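Please look at the sequence and the fold below, and follow the strands of the sheet one after another. The report that follows takes them in turn.

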Amino acid sequence: MIDITLENFQSELVEGSVGTPVLLDIWAEWCGPCKQLGPVLEKLEVEYGGRFTLAKLDADKVPQISSQLSEMFGVRSIPFCVMFKDGHPVDGFVGAIPAEKIREFLDKHLPGADEAEAASEEAAAQDALAEGDTVGALEKLQHAVATDPANDDARFDYIKLLLQEGRVDDAKVAFAPVIAKTGLVRRFDALQRWMDAIDFAAPVTGAAPAIAEFDAKIAANKRDFDARFARARLLMAAQRWTDAMDELLDILMRDKSWSEELARKTYIAILDVIEPPKVKVADGQIPPDDPVVATYRRRLSSVVLS
């Protein structure tokens with residue numbers, strides 16, 4: 001539970017609700033119903049196990065905030081509770097209503113327990129990766145996917161990390177439940193193109209193609225786009241992402257629409273694969289761009305729009 005003041009309103013309520021929804025309880029010392037509602041909300045915060053944060057604001061001590069919220073919702077009495085999500089107020093209720101009614105209100109706005117657990121595991125996995133703990137990150141992402149199979153972000157990160165670690169067969173097993181979504185979810189399409197490149201570079205039967213043979217073909221004919229694309233796929237399989245995009249740009253500079261825009265689509269797939277997770281920021285703020293991704297997006301735009 002957090003006490004809201006003018007000093008921490010921005011950090012704890014606005015920015016704080018970007019990651020986890022915050023329920024703000026506006027109360028006053030002289031208000032009898034407020035004293036009845038307070039303990040109920042505190043028990044519910046514990047019961048919901050971190051799915052929301054409870055914050056309290058004394059209307060007499062911080063009238064600037066309580067008055068503004070009351071005017072926004074057309075409310076003239078307390079206790080008055082306001083749900084903050086992603087940096088702004090989205091809904092509220094008035095009075096010391098029964099716990100069951102509060103649960104209905106919370107369930108309308110909060111992620112389910114499985115969804116919340118999966119999101120927490122996904123965030124913990126990113127922290128583990130930042131610390132160099134790949135094994136721990138894989139375990140957390142695997143748990144996130146098992147807990148909430150519909151969490152596309154967790155599944156994408158899990159499959160991506162498996163591929164980065166060379167665990168292609170495991171990645172394909174994790175990808176199988178969503179393979180039908182490749183036409184709908186662009187990042188799944190990106191994973192499919194990466195796995196296709198890996199299969200091209202290391203076929204089950206037959207000799208693996210060598211990059212030197214494509215270098216020779218390109219040297220003989222700069223417009224041998226099949227050779228250039230094959231070379232780009234080998235570079236993708238080796239996770240030499242910028243080299244692969246440079247090769248694809250060479251195709252695009254000569255023929256933007258070659259093979260039904262295959263070079264452009266593959267280039268975008270690589271950008272989706274290498275883009276790091278966005279840092280969560282307060283509403284209205286723009287998360288910073290990865291410099292490599294930003295540079296290659298600009299290069300693509302300059303070629304495609306030229």
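## The hairpin

How many residues lie between β4 and β5 in their hairpin? There are two residues between these strands, and Asp86 in the turn has a positive phi of about 55°. Six bridges join β4 to β5, which run antiparallel, and Met83 stands opposite Asp91 in β5. Strands here are DSSP runs of E with at least two residues, and helices are runs of H or I with at least four, both numbered from the N terminus.

## Basis of the model

This is a predicted model, in which local features need pLDDT of at least 70 and side-chain atom pairs count only at pLDDT 80 or more, while totals for chains, interfaces and linings use all residues. Residues are numbered from 1 along each chain as its sequence is written, and side-chain values use heavy atoms, with hydrogens and water left out.

## The sheet

Five strands form an open sheet of mixed pairing, in the order β1-β3-β2-β4-β5, where two strands pair if DSSP finds at least two bridges between them. The edge strands, each pairing on one side only, are β1 (2-3) and β5 (88-94).

Strand β2 (residues 22-27) runs parallel to β3 (residues 53-58), joined by six bridges, and Leu23 has Leu54 as its bridge partner in β3. With β4, in contrast, β2 pairs in the antiparallel sense over five bridges, and Leu24 stands opposite Val82 in β4.

## The enclosed strand

Because five of the six residues of β4 are buried, this strand is largely enclosed by the rest of the structure; buried means under 20% relative accessible area, exposed over 50% and partly exposed in between (1.4 Å probe, protein chains only).
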